[in-house]
Amino acid sequence: MWVDFRQIPKKVVDMYIPLKTEGKRVRNRLSNHVQRKIRERCRAWQKYRQYQSGRNFAMYKQLRNEVNRAIRKEEDQKRKRILAGFKNNPKRFHGYMHSKQTVKDNVMTLRKYDGELTRTDQETADLLAAYFKEVYTVKYVITLPVVIEKDLGRQDSDLNFDEIAVMEKLLKLNSDKSPGSDGIHSQLLKECATVLAEPLSLLFQRSFDTGTLPADWKTANIVPIFKKGDRTDRANYRPVSLTSVPCKIIESIIKDKLMRFLESNDLLCKEQHGFRSGRSCLTNLLETFENWTKALDEGYGLDVVYLDYRKAFDSVPHQRLIKKLKSFGINGKLLQWLDDFLTSRTMKVIIKGIYIAQVRKGHKCAKRLGSGELSHSYWRY
């Protein structure tokens, strides 16, 4: 079902949506008035070169000054329009500032384990992929703790993917987000929501009933983003995952239902402020500050210890997470779907179109393809 659905939007996009040619893009287009002045200036210069007299040079100099003043005036007006458009649009602001950077954040060369620098983009992608793989936690199944499964009355029938629910999620998509490995853009899904809501709802329901996900939904394109420090150190790059937008929609529907179940049964710790509705870093700080001031007012001493978990999300052991969900009363089709969602995931580190794929299944092996093709390495744990 997913393969058939994926092919149709791709054909329509290739047939009807034109591609933008970067080479023909016109930057800082001037008004017709300024362009007319520039042509007059060029004619005055040619006249002076042909008949070099003080009068002709004075005419050229006057037109040259008028053109420079007009260009500066238009650039100032354009800058003011850009600044006015930044209000409530941080993405546009960051994009404008990024275009003004003289030093870009593109990954160029990295230092290998032997101290040498990478010479090709393929070597850089291989090195980053191997480093990102190292942070994953490997846990043996035999050491998993035994948990007591609860029965809190949760039913798989409470979770459905009707057309209306899918339509609401499609209309709320952010059109500026990049697509995942399937190439289906969020703007296409949003603009064609009335047509795509029904087939997607059928696809989501089938995925949930069978407890399986398409391979595209479990594949992430990894874009390395430089953080700080030495640019040749692979540890100074943060991986940003670009996953399938349709999969994000079914994730959002399941997450909403799951959070309602956890909140209604009071299964989450009251001190947890992250990833909860109505709570944030601000509420966490306010509550913590209240506890500190109360302790000081009562005459107690106060010591504060800050902890930060390195690679917190990447190092979560998935099988322990499944056990934890069982202890919360999560079972049936939902648990099976979540288990398949966390199993055999693939990531591709992409640098200038060159990538290396890592599949989190199977024993480690490597396959080097021929010239001009892509290289792949596979891991499982």
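These legends accompany several close-up views of a predicted model.

Local features are given only at pLDDT of at least 70 and side-chain atom pairs only at pLDDT 80 or more, while totals for chains, interfaces and linings use all residues. Residues are numbered from 1 along each chain as its sequence is written, and side-chain values use heavy atoms, with hydrogens and water left out.

**View 1. The whole protein chain.** The chain holds 12 helices and 6 strands. Both are DSSP runs numbered from the N terminus: helices are H or I of at least four residues, strands E of at least two. Of its 381 residues, 31% are buried (under 20% relative accessible area; exposed is over 50%, partly exposed in between; 1.4 Å probe, protein chains only). The chain exposes about 26,000 Å², and carbon and sulfur atoms supply 53% of that area (Shrake-Rupley method, 1.4 Å probe; for residues, only the protein chains shown count as cover).

**View 2. Helix 6 against helix 9.** Two packed helices are described by the angle between their axes and the distance between the axes. Helix 6 (residues 163–171) and helix 9 (residues 245–264) pack at about 115°, with axes 10 Å apart. Axes are lines fitted to C-alpha atoms, for helices over the stretch in contact, and angles run from 0 to 180 degrees between N-to-C directions. Helix 6 supplies Val-166, Lys-169 and Leu-170 to the contact; helix 9 supplies Ile-249, Ser-252, Ile-253 and Asp-256. Contact means heavy atoms within 4.5 Å. By class, the contact has 4 nonpolar, 1 polar and 2 charged residues (nonpolar: Ala, Val, Leu, Ile, Met, Phe, Trp, Tyr, Cys and Pro; charged: Asp, Glu, Lys and Arg; polar: the others, Gly among them).

**View 3. The loop between helix 9 and helix 10.** Asn-265 lies in this loop. Its relative accessibility is 30%, so Asn-265 counts as partly exposed. The C-alpha atoms of Asn-265 and Leu-152 are separated by 7.9 Å, though the two residues are 113 apart along the chain. Phe-275 sits in the loop too. At 67% relative accessibility, Phe-275 counts as exposed. Its phi is positive, near 60°. Most residues other than glycine have a negative phi.

**View 4. Helix 10 and its end.** Helix 10 (residues 281–297) has 17 residues, so at 1.5 Å a residue it should span 24 Å; its end C-alpha atoms are 24 Å apart, which agrees. The expected span is 1.5 Å times one less than the number of residues. Just after helix 10, Gly-299 has a positive phi of about 90°.

**View 5. Ser-344 in its loop.** Ser-344 lies between helix 12 (332–341) and strand 3 (346–351). Ser-344 is not a glycine, yet its phi is positive, about 55°. Its relative accessible area is 23%, so Ser-344 is partly exposed.
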